[in-house]
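Hi,

Here is the structure I promised to pass on. Have a look at it first, and then read my notes below.

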Amino acid sequence: MTGAGLRSGQLAKAAGVNQQTLRYYERRGLLTSPQRSPGGHRLYPAETVTLLRVIKTAQRLGFTLNEVADLLAAGRHQHGRRPDTGLQARARDKLAEVEQKLADLTVIRDTLRTAISAGCDDLVACAGSSCCPLPFAEFAERNSRADHR
């Protein structure tokens with residue numbers, strides 16, 4: 001590390017990302033363009049390590065890069081910010097989204113368990129059976145209603 005900042009490789013290693021990620025985040029506007037050394041090397045401020053860790057953690061929590069960019073922008077402009085744009089509101093929205101996905105996955109898990117227990121081996125034969133646990137008829141009914149609209 002130098003006193004003037006971190007070079008790309010140093011920053012990438014410290015933050016646990018690769019150098020292509022740094023450039024991608026710069027293009028996306030998540031990172032500001034770094035200063036350059038007299039030799040042309042990118043020099044990032046030390047606090048960029050924390051910013052990169054924040055971005056990666058937010059992604060692991062399910063936020064898209066667009067959502068992360070919005071959160072970072074909202075954090076930079078806290079004065080006069082609407083209450084529905086901050087981390088609390090976004091976290092509540094993301095939590096509701098995750099809970100819905102969990103509910104959907106639970107239905108899928110339970111349906112697959114039922115199909116395994118029923119011994120379904122042939123999708124076409126199973127779909128024609130009245131005791132088929134897979135929701136073929138339900139999907140056909142939904143599609144039929146959508147076509148008639």
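Let me start with a pair of helices: α1 and α3 cross in a right-handed way. Here right-handed means that the near helix is turned clockwise from the far one by less than a right angle, and left-handed means anticlockwise. Helices (H or I, at least four residues) and strands (E, at least two) are DSSP runs, numbered from the N terminus.

Before more of that, a word on where this comes from. This is a predicted model, in which local features need pLDDT of at least 70 and side-chain atom pairs count only at pLDDT 80 or more, while totals for chains, interfaces and linings use all residues. Residues are numbered from 1 along each chain as its sequence is written, and side-chain values use heavy atoms, with hydrogens and water left out.

Back to the helices. Two packed helices are described by the angle between their axes and the distance between the axes. For α1 (residues 8-15) and α3 (residues 48-60), the axes come within 9 Å and cross at roughly 45°. That makes α1 oblique to α3. The axes are lines fitted to C-alpha atoms, for helices over the stretch in contact, and the angles run from 0 to 180 degrees between N-to-C directions. Under 35 degrees counts as roughly parallel, over 145 as roughly antiparallel, 65 to 115 as roughly perpendicular, and the rest as oblique.

Which residues meet there? On the α1 side they are Leu11, Ala14 and Ala15, and on the α3 side Thr48, Val49, Leu52 and Arg53. Sorted by class, this contact has five nonpolar residues, one polar and one charged. (Contact means heavy atoms within 4.5 Å; Ala, Val, Leu, Ile, Met, Phe, Trp, Tyr, Cys and Pro count as nonpolar, Asp, Glu, Lys and Arg as charged, and the others, Gly among them, as polar.)

Now for α4 (residues 65-76) and α5 (residues 87-118): their axes come within 10 Å and cross at roughly 160°. These two helices are therefore roughly antiparallel to each other. Glu67, Asp70 and Leu71 of α4 make the contact with Leu87, Arg90 and Lys94 of α5. By class, that contact has two nonpolar, no polar and four charged residues.

Zooming out, the protein chain has seven helices and three strands, in the order β-α-α-β-β-α-α-α-α-α from the N terminus on. Of its 149 residues, 26% count as buried, where buried means under 20% relative accessible area, exposed over 50%, and partly exposed in between (1.4 Å probe, protein chains only).

- Leu43 lies in strand β3 (residues 42-44) and counts as buried at 12% relative accessibility. Leu43 and Ala4 are 39 residues apart in sequence, yet 7.0 Å apart in space, C-alpha to C-alpha.
- Cys131 sits in the loop between α6 (123-127) and α7 (136-147), and is exposed, with a relative accessible area of 63%. From Cys131 to Ala118 there are 13 residues in sequence and 8.7 Å in space, C-alpha to C-alpha.
- Tyr25 is buried, at a relative accessible area of 2%, whereas Tyr24 is partly exposed at 34%.

Cheers
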